Amino acid sequence: MKASKADYFVFAIYCLTCGGAQAQAPRKLAPRHPPPHAVPGPAHAPLHPVPAASAESIVVNARLGNNQGVTNTTPGGGLMPMQTAPRVQSGVTRDYIARQSPTTNGMALLGNLPGVVLSSQDPLGASSDNVSIRGLNQTEIGVVYEGVALNDSLTYIPYTENAADTENIQSMTLSQGAPDISAPFYGDVGGLITMMLRDPADKAGGLVNLSYGSKSLQREFGRIDSGYLGHSGVKAFVSFSNGTQDQWRGMGTQRKMHIDAKALKEWGDGNRASVVFSFDNNDTNRYRPVTMAQWKQYGPSLNYDGQYSFGDTNYYKFLTYDRRTYMVMAPLHFALAKGLTLDATPSYLHYLEYYGAGTTFSNTRSWFGTVPAGNLNLPYTNAAGMVTAKYVNPVPQRTGTLSTGLSWSHGINTVRLGDIYSYMSMSEPIEYQAADYQGNVSNQWGQYPVRLPDGRTYRTLDLVVWQQMNTLYLDDTLSLLNGRLKINAGFKYMMLSRHLTNNIPGADYASGGSYAQPLPQASVSYMITPEDQIFVDGTTSYRAPQSLQAYAQLFSTAKPGPVTVVNRLKGEYAIGEEIGYRHHGLFNVSLALFNYNLVNYQVQSTTFIDQVPIPTVIDAGGKTIRGAQIELGLRPWHHFSPYVSAQYLHATMDNNFITGGDVLPTAGKVAIQSPEFTAAVGLSYDDGSVFGNFTFNYVSSQYATFMNDQKIPAYETANLALGYRFRNVGFAKHPQIQLNFMNIGANDWLSGLYSVGTNARPVMGLHGHMIGASAPLYTIGGGFAAVASVSTGF
């Protein structure tokens, strides 16, 4: 039976108000439930009551049939989900994630959001991408995955590429500055990233994705959903992926194997219990950083050596990074009584890293701490008795965490009370694997290390570390004016203790530090209309020292005694304020102003000991960060979803910097890695069959030295995705093909900072001494890459 004119009118209004442009022409459709993991768009009340389905009624379904979790409801093509938190916040959903290359990593998915600067070495995403936000690097940003902190407990490096396969990531949310008081992390002075895994499907099925591309890329992914298991109410999925590719620059390969699994049970009124498991095995060669002089002379052709000559410490087989990751977590949510809920997340994380580099030392005149090492009796030496070896730094780390929180809503008040406890233990030796005349080592993970004459392993670092963290938090939200006005005040108290032992002869055997910090915060949010919100927040945050050099001495093979001085760093502390406005609807906008003041600002850098890169931290004093950001996004309209984001940033150093026996006049200088202007433009199209996505990023120049005398030039990057979904073919559900093109038109460019410099040219200090130059090191951005993927559900 034909639809009436009134039906067509209702359908047209629906398209304009609810993103119904993705629906087909009005017709009778059978009701269908959305997938359980779908991200709903903003709710809108219908203009008129809609009667039950009948011969004259129309049931409109704006969701698309696909196996990738795409709903086409998120503004900006998945780059601007609706936010209501009383802080500056952005995110991405499956509508965007599913259109990216399956090889990409979590950090790369955030590259278009306001304030995010992505430092990428590999366009295929196999290498970890470094991120800075509002001039603060990734070690100052907390990353939480399914309620568990991913950051390393000491270095604070987040490992999003080891957490989950892209096909399984449901959403990612970025708080650019203000931390969440209940987040299970103690170092998020630069914001918080929250990553969520998809839920298992209600019905049994699965997904297969095969990808091939540049640099001999081959990747296979498979996922199986169990559906509900009998009458237990439990559903689960497990997935497996395996990928290999050649190194983007120079010699070497990258191999990655990954497993994700999740089981979930929901019952009653909001009760939910799940168990998540992730395993990752990642083996890769490292990319060589360059000075500005090397960059101008060699460009991207400079890398580690592909052919070995005896004594060559830049041989690519020495420069490796291998990581094994095991994660088990159980996010639980219980409705205990009316208005009373309990959240608890126990977890266990086990990381095992192997850092490799090339070095040389004497067979007979090396040092073991403060005592001679003796005759090491190694067969492969040169005429001077020097040995070439692979430096091996295995770092096993185990962390157990229990996060608990009670929430009680009564009348106009919602009170939250919680505790986060974690215990971490790790060891960190530096050992050596002797190389033969062809550059081969017996085992790249150091199973047959160089030994002293008495049989002990020869080491220049031998640390054991224990850490305990306990954090209590309490906050109260007052809801007034029928929920339009919300006033929140909270208090968090962080307590952290670290204990270290160093067994190298002559080293300070025991060291450590204890830290306690109160962290208050407050916010006010007001809904002007159901679609318009204003908010203001004030927060504090703290990060304990991230470097081992704050506690332990480092030694060299070439001379007795420590070559570094223990730097008793203080914790980094930040006070921040934000004010913002949001509007959501067909057209969406988010505006914000921000101001931050940091003390004991810790700059991540690299130093070299025995030709080996060692992470280090520099206390740069105070830092002031001010700026503004904007996001604009359109809900799908005639199948198109445009998006724009931009940020203006003014970040400066507050203090002069002491170095070289004098003082550099750095107060008022622009802070490193703080581009004044960043912008992104995106456009998505999806009509249910044909889909595509285009993004363009611009990053202005960034200083690499405290004296602002050398910088990373401004650069632009662009990515494109094209694809087509087919109808069901036999058992294959909605098979699709997808092409991804990364760094379209990319020229040679520097993408980030590997190590900072105080001054790139000699400078006269304030006390009249000449301070020598220190050359920063840069990472080189990857070039153009293409990936073709074929996938199908079943």
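How many bridges join strand 5 to strand 8, and in which sense do the two strands run? Strand 5 (residues 142–145) is joined to strand 8 (residues 192–197) by 4 bridges, and the two run parallel.

## Basis of the model

This is a predicted model: local features need pLDDT of at least 70, side-chain atom pairs count only at pLDDT 80 or more, and totals for chains, interfaces and linings use all residues. Residues are numbered from 1 along each chain as its sequence is written, and side-chain values use heavy atoms, with hydrogens and water left out.

Two terms need their rules. Strands (E, at least two residues) and helices (H or I, at least four residues) are DSSP runs, numbered from the N terminus. Two strands pair if DSSP finds at least two bridges between them.

Strand 29 (residues 623–634) pairs with strand 30 in the antiparallel sense, over 11 bridges. Here glycine 633 stands opposite tyrosine 643 in strand 30. The two strands form a hairpin with 5 residues between them. In that hairpin, histidine 638 takes a positive phi near 55 degrees.

Strand 30 also pairs with strand 33, again in the antiparallel sense. This pairing has 9 bridges. Serine 641 stands opposite serine 684 in strand 33.

## Cavities

A search of the whole structure finds 11 cavities of 30 Å³ or more. A cavity is a set of points on a 1 Å grid over the protein atoms alone, where a 1.4 Å probe fits but cannot get out. Grid points are joined across faces, edges and corners, and a volume is the space filled by probe spheres set on the points. The second largest cavity has a volume of about 570 Å³.

Its lining holds 44 residues (those with an atom within 4 Å of a point). Ala108, Leu118, Asn697, Thr717 and Asn719 lie nearest the centre of the second largest cavity. Strand 30 (640–653) returns here, as one of the elements that give two or more residues to this lining. The others are strand 2 (116–119), strand 33 (677–686), strand 34 (690–699), strand 37 (715–725) and strand 38 (733–742). The lining divides into 21 nonpolar, 20 polar and 3 charged residues. Ala, Val, Leu, Ile, Met, Phe, Trp, Tyr, Cys and Pro count as nonpolar, Asp, Glu, Lys and Arg as charged, and the others, Gly among them, as polar.

## Salt bridges

Side chains of opposite charge can pair when their charged atoms come close. A salt bridge is a side-chain nitrogen of Lys or Arg within 4 Å of a carboxyl oxygen of Asp or Glu. By this rule the count comes to 21. One of them joins arginine 134 and glutamate 578, at 3.0 Å from N to O. Arginine 134 lies in the loop between strand 3 (130–133) and strand 4 (136–137), and glutamate 578 in strand 25 (residues 572–583), so the pair ties together parts that are 444 residues apart in sequence. Arginine 134 is buried at 2% relative accessibility. Glutamate 578 is buried too, with a relative accessible area of 2%. Buried means under 20% relative accessible area, exposed over 50%, and partly exposed in between (1.4 Å probe, protein chains only).

Glutamate 146 forms a salt bridge with lysine 262, with the closest N and O atoms 3.7 Å apart. Glutamate 146 lies in the loop between strand 5 and strand 6, and lysine 262 in strand 12 (residues 253–267), so this pair ties together parts that are 116 residues apart in sequence. Glutamate 146 is buried at 5% relative accessibility, and lysine 262 is buried at 2%. Salt bridges that share partners join Glu146, Asp199, Lys262, Glu266 and Arg272 into one network.

## Positive phi in two loops

Serine 216 is not a glycine, yet has a positive phi of about 55 degrees. Serine 216 sits in the loop between strand 9 (205–213) and strand 10 (217–225). At 47% relative accessibility, serine 216 is partly exposed.

Asparagine 377 is not a glycine either, and has a positive phi of about 55 degrees. Its loop runs between strand 18 (371–372) and strand 19 (386–410). Asparagine 377 counts as exposed, at 57% relative accessibility.

How values were computed. On a 1 Å grid over the protein atoms alone, a cavity is a set of points where a 1.4 Å probe fits but cannot get out, and a pocket is an open set with protein on both sides within 12 Å along at least five of seven lines; lining residues have an atom within 4 Å of a point.
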